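The sequence and the model are shown next.

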Protein chains: 2
Amino acid sequence: MDVAIFTVRQQQLSVLLVQRPNTPDEPFPGLWALPGGFVDIDRDRDLEACALRKLRDKTAVTSPYLEQLGSWGSKDRDPRGWSTTHAYFALIPDAGTPEAGANAADAAWNPITGNGVTVKLAFDHREILETAIDRLRSKVEYTSLPVYLLPTEFTMTELQRMFEIVLGREVEKSAFRTRVFSADFIEPVPRMREGQQRPAQLYRLQRSSGVVFFPRTFSPRGHR
Amino acid sequence: MDVAIFTVRQQQLSVLLVQRPNTPDEPFPGLWALPGGFVDIDRDRDLEACALRKLRDKTAVTSPYLEQLGSWGSKDRDPRGWSTTHAYFALIPDAGTPEAGANAADAAWNPITGNGVTVKLAFDHREILETAIDRLRSKVEYTSLPVYLLPTEFTMTELQRMFEIVLGREVEKSAFRTRVFSADFIEPVPRMREGQQRPAQLYRLQRSSGVVFFPRTFSPRGHR
DNA sequence: CTAACTAAGTTGCACAGTACCCCTAATGTG
DNA sequence: CACATTAGGGGTACTGTGCAACTTAGTTAG
């Protein structure tokens, strides 16, 4: 079980990695890897519960976006022999830093550059991470996923910025607003008083509104 | 490892099921289930190779559409205790009947009605099958998946019929043709001679053309 | 204080892709 | 022969988006 936990910190899409123990009898000593471990058949009701537990161990985030990414199994991925792993990916707001977690001394956020990360990864985690990034970018083209990268209240511009950071390109402000409003999954936060710090309207996710699918992908004119 | 193998027979979306042995020491004796079994770490390089082997055992189909569906693991799905399975789903043309396969005496095609099948299924296979059907219907809204339900040569009307059978509703002929042609993943088969049996133009999948994603989903006017 | 600047939010037009309705030609059927 | 059926395509309206220009309000520099 491995979990690719994404957030956006300092305007960069980043993934949480942990350092493997440096004991030479463990595979890939000292390398970085996606946080994970074995399923605990006493504590974990099912696979998703196990992924949630791994996430809470590292970040103290309770209700992230969590999706099963896929499974990898072959006789090559672990030097000890045939092995299998279930991979999940999660989106959390910036607040949930690894420092806030429990046993997170060995954890660090790594910014995504291109299709992966600059450090070398253990096992087949480079491939798993690349699949996770592909899936994330692909779904951001036609779903509302990036709301889960923001705190509960946010401005329209901040939401747009999340889309742009994940996609790695700019999107049109006007078309973006039309798209988001007609999908009807966020609601404006009532303005408290006139003398507000921020001039921009705050929004929040509507209660019991899941991931929204837009009828079209983003598609700049020159694309095809 | 379980595989949901779909085809369209007699104008109905159908899934291949196998009957479990009737010995009382096996779980769910006599019930129907998705074809599957344990990974053979000597023969199977990886998970996909294992799924392909299961498919060939039952259908003698060599190059289907095959996609990883997900994994299910919990302490409830098997009465013998915590267990895990990897599920794949496959699309094959009608030609690959189970009778053509090797050890397929216990296999049968079951038509899909609504979200599942009429017979009772073993383990959590009802849930897995429902997930497979959901995924299939969802992807047919915006991809070219149904070509894999047809033989190598087919008419435009037959292709449209595949979309309609999977989706369970009719689609507009004219819009369908525009959509398919502009996606440019099939090519016309040169007409052999004038005195052809069929009046309709035959098409085939372009070589090395994978699954095509359309820029929009089907979306009848009254929808929202 | 005023001017320049910046960010929030709106408006208008063009265009791609689709829904829907209608037409034509060719073939099959009594 | 008349008639029904089917392949194939045309025309129009509409939705969602790309793109650019604009207004308004708050912020900053001088």
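What percentage of the 224 residues of chain A count as buried? In this predicted model, the share is 50%, where buried means under 20% relative accessible area with a 1.4 Å probe and protein chains only.

| Property of chain A | Value |
|---|---|
| Accessible surface (Shrake-Rupley method, 1.4 Å probe) | about 11700 Å² |
| Part of the accessible surface belonging to carbon and sulfur atoms | 49% |
| Part of the contacts with a separation of 6 or more made by residues 24 or more positions apart (contact: heavy atoms within 4.5 Å) | 62% |

Chain A has 4 helices and 9 strands, taken as DSSP runs (H or I of at least four residues for helices, E of at least two for strands) and numbered from the N terminus. Their order from the N terminus on is β-β-β-α-β-β-β-α-β-α-α-β-β.

In chain B, helix α2 (residues 125-140) packs with helix α3 (residues 156-167) at an angle of about 135°, and their axes are 9 Å apart. By class, the contact has 5 nonpolar residues, no polar residues and 1 charged residue; Asp, Glu, Lys and Arg count as charged, Ala, Val, Leu, Ile, Met, Phe, Trp, Tyr, Cys and Pro as nonpolar, and the others, Gly among them, as polar.

Residues are numbered from 1 along each chain as its sequence is written, and chains are lettered from A and ligands numbered from 1 in the order in which they are written. Local features need pLDDT of at least 70 and side-chain atom pairs count only at pLDDT 80 or more, whereas totals for chains, interfaces and linings use all residues; side-chain values use heavy atoms, with hydrogens and water left out.

Conventions. Axes are lines fitted to C-alpha atoms, for helices over the stretch in contact, and angles run from 0 to 180 degrees between N-to-C directions.
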